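Hi,

Here is the structure I promised to pass on to you. Have a look at it first, and then read my notes below.

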Amino acid sequence: MTANPPKVPRRTIDLPPYETVALVLQGGGALGAYQAGVFAGLHEAGITPNWLAGISIGALNTAIIAGNAPERRVEQLDAFWRTICQPAVFPPMPAAWEAAMLGGPESGRVAYSAWQAWRAMTEGQKGFFTPRFPPPLPTAMGDPAHASFYDTSAMRATLEKFVDFDRINAREMRVSIGAVNVHTGNFVYFDNTRDTLRAEHFMASGALPPGFPAVEIDGHYYWDGGLVSNTPLSEVLGTSPRRDTLAFQVDLWSARGPLPDNLNDVAGRQKDIQFSSRTRLVTDHLQRAQHYRRVLREVLERVPADLRKHDPWCHAAEQIACSKRYNVIQMIYRNKEYEGHYKDFQFSLPTMLDHWASGYDDVCRTLAHPDWLELPTDESGFVTHDIHRHAAV
C-alpha cells in the first residue's frame with residue numbers, strides 16, 4: 001500500500017475545440033476518493049473542466065475542486081480526504097496491525113474492511129459525521145434537521161476550511177449540484193450561474209436519510225440527490241443552448257455485476273443497482289435523442305429557405321434540431337474482492353488511497369487512447385468510451 005497518491009511526470013494533452021468540458025461526479029460515500037484520483041490524472045494531463053456537476057460525495061469533491069486555485073486543487077482534495085478518513089473519536093488502528101492485516105491473506109483484508117466500516121458506524125468520521133447520543137427514538141418529534149442517526153454539522157467547518165465559496169460564486173467554472181426537496185419530492189439542481197452557493201448547498205446534496213439529516217436552505221429542506229438520480233449526466237448533456245461537449249463521467253456504482261450467492265453480496269449488489277442510475281441506459285437514450293436531432297437538422301437543410309422562413313412547423317423543428325456533438329468518457333469504479341456491502345462507508349486511510357490509485361490508473365489508461373478525445377464524426381454525433389467495457393470485448 002502506497003503512503004501517498006501516485007505521482008508521475010506531467011504530460012499535457014491538447015483537446016479538440018469543445019465548447020464544454022465537463023466532469024460529472026456520481027454519489028457513493030467513501031468511494032468518492034476514486035473521483036479524486038481521476039481528477040488528479042486529468043490535472044496532470046492539463047485537462048481543466050469548465051463545468052463540474054456532482055451529487056452527494058460527488059458534490060463535496062466538486063466543492064473542493066471549484067473552490068480552490070487550479071494549482072492547489074489536487075493538494076486540497078488530498079488534505080480533505082485525509083481529514084475525513086480519520087475516526088472521529090479514537091485513534092486509528094496501530095500501523096503495525098494495519099500492515100499485518102493488509103499484507104496477509106485476503107481474509108485479513110476482509111476483516112479489516114469490516115472492522116473499519118463498523119468503526120465508521122459507531123464513531124463517525126472526523127470533520128464529517130458523528131452518531132447522535134442518545135440515539136433518536138423512531139417516533140420522537142422535533143426539528144427536521146435533527147431527524148437522523150448522525151450529526152453532520154462538522155462538515156460545514158470542514159468545507160469552510162477547504163473551500164473558497166467566493167471563488168465558486170465568481171463562476172470561474174460552472175458548478176451544478178443535485179438535491180431533492182423533501183416536501184415536494186422534486187429533484188433540483190443548485191447552480192452557480194443562477195444561485196449563490198454556500199456550504200449548505202453541498203451538504204444538502206449529500207444528506208442521505210435516515211443516516212444524515214435534511215439541510216435547510218432558504219426555508220426549504222433538502223436530502224441527497226441520489227434518492228432520485230445519482231448521476232448528473234443528463235443535466236450536462238440536456239442543457240440549452242446546446243454545445244459541443246466532452247464529458248468525463250465518473251461513476252462509483254456499476255449497473256453490471258455478478259449474480260450474488262450470499263446475503264452480504266445481495267446487499268452490495270442491491271446498492272450497485274440502486275445507485276448506478278442505469279448509467280449506460282441513460283447514455284444510450286441520450287445518444288438516440290441526439291441522433292434524431294441531427295437527422296432533423298439534415299432534413300431542414302433540404303427544405304427551401306422560403307418555406308423554412310414562414311412555415312410554423314419548420315420554426316418548431318428549428319428549436320429541436322441540433323448538429324452539436326457529444327463525447328462521453330465513462331470511468332466506473334470496479335469493486336475489490338475484499339469489499340462488502342459497506343464499501344460506501346468504509347473510510348479508512350489505506351482504503352481511501354487504494355480508491356484514489358484506482359481512479360488515477362483508470363484515467364491514465366483512458367488518456368492513453370487520444371483518439372477517444374476527438375469530436376465525434378459518426379451520424380449520431382454522440383459517442384461513448386469506457387476502458388472496462390472495451391477490455392471486456
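S56 lies in the loop between strand 2 (51-55) and helix 2, where helices (H or I, at least four residues) and strands (E, at least two) are DSSP runs, numbered from the N terminus. This is a predicted model, in which local features need pLDDT of at least 70 and side-chain atom pairs count only at pLDDT 80 or more, while totals for chains, interfaces and linings use all residues. Residues are numbered from 1 along each chain as its sequence is written, and side-chain values use heavy atoms, with hydrogens and water left out.

Back to S56: its phi is near 60 degrees, a positive value in a residue other than glycine. Most residues other than glycine have a negative phi, and most peptide bonds are trans. S56 counts as buried because its relative accessible area is 11%; buried means under 20% relative accessible area, exposed over 50%, and partly exposed in between (1.4 Å probe, protein chains only).

D218 also has a positive phi, about 50 degrees, although it is not a glycine. You will find D218 in the loop between strand 7 (215-217) and strand 8 (220-224). Is D218 buried or exposed? With 64% relative accessibility, D218 is exposed.

There are cis peptide bonds to look at too. One joins F133 and P134, with omega about 0 degrees, and P134 sits in the loop between strand 3 (130-131) and strand 4 (150-151). Another runs from S240 to P241, with omega near 0 degrees; P241 belongs to the loop between helix 9 (233-237) and strand 9 (245-251).

Next, how much can you trust the coordinates? The mean pLDDT of the chain is 90, and 95% of its residues reach 70 or more; pLDDT is the predictor's confidence in each residue, from 0 to 100. Over residues 5-9, however, the pLDDT is below 50, and this stretch has 11 contacts in the model beyond near neighbours in sequence. Contact here means heavy atoms within 4.5 Å. Where pLDDT is low, the predicted coordinates should not be read in detail.

Now for the largest pocket, which holds about 790 Å³ of space. The search used a 1 Å grid over the protein atoms alone: a cavity is a set of points where a 1.4 Å probe fits but cannot get out, and a pocket is an open set with protein on both sides within 12 Å along at least five of seven lines; lining residues have an atom within 4 Å of a point. Grid points are joined across faces, edges and corners, and the volume is the space filled by probe spheres set on the points.

The largest pocket has 34 lining residues, and L208, G211, F212, D344 and F345 lie nearest its centre. By class, 20 of the lining residues are nonpolar, 11 polar and 3 charged. In this scheme Ala, Val, Leu, Ile, Met, Phe, Trp, Tyr, Cys and Pro count as nonpolar, Asp, Glu, Lys and Arg as charged, and the others, Gly among them, as polar. Which helix gives the most to this lining? That is helix 10, with 3 residues. Helix 2 (57-66), helix 5 (106-123), helix 8 (199-205) and helix 10 (263-275) each supply at least two residues. Helix 2 is mostly covered, with 10 of its 10 residues buried.

Two glutamines are worth a click. Q346 lies in the loop between strand 10 (326-332) and helix 14 (349-367), and counts as buried because its relative accessibility is 3%. The side chains of Q346 and S113 are joined by a polar contact of 3.3 Å. Such a contact is a pair of N or O atoms within 3.5 Å; within protein, one must be able to donate a hydrogen and the other to accept it, and residues adjacent in sequence count only if both atoms are side-chain atoms. Not counting residues up to four places away in sequence, Q346 touches A30, Y112, S113, Q116, A117 and T351.

Q290 is in helix 11 (residues 279-301) and is buried, with a relative accessible area of 0%. Its side chain makes a polar contact of 2.8 Å with the side chain of R293. Outside the four places on either side in sequence, residues touched by Q290 include C322, Y326 and F382.

Enjoy exploring!
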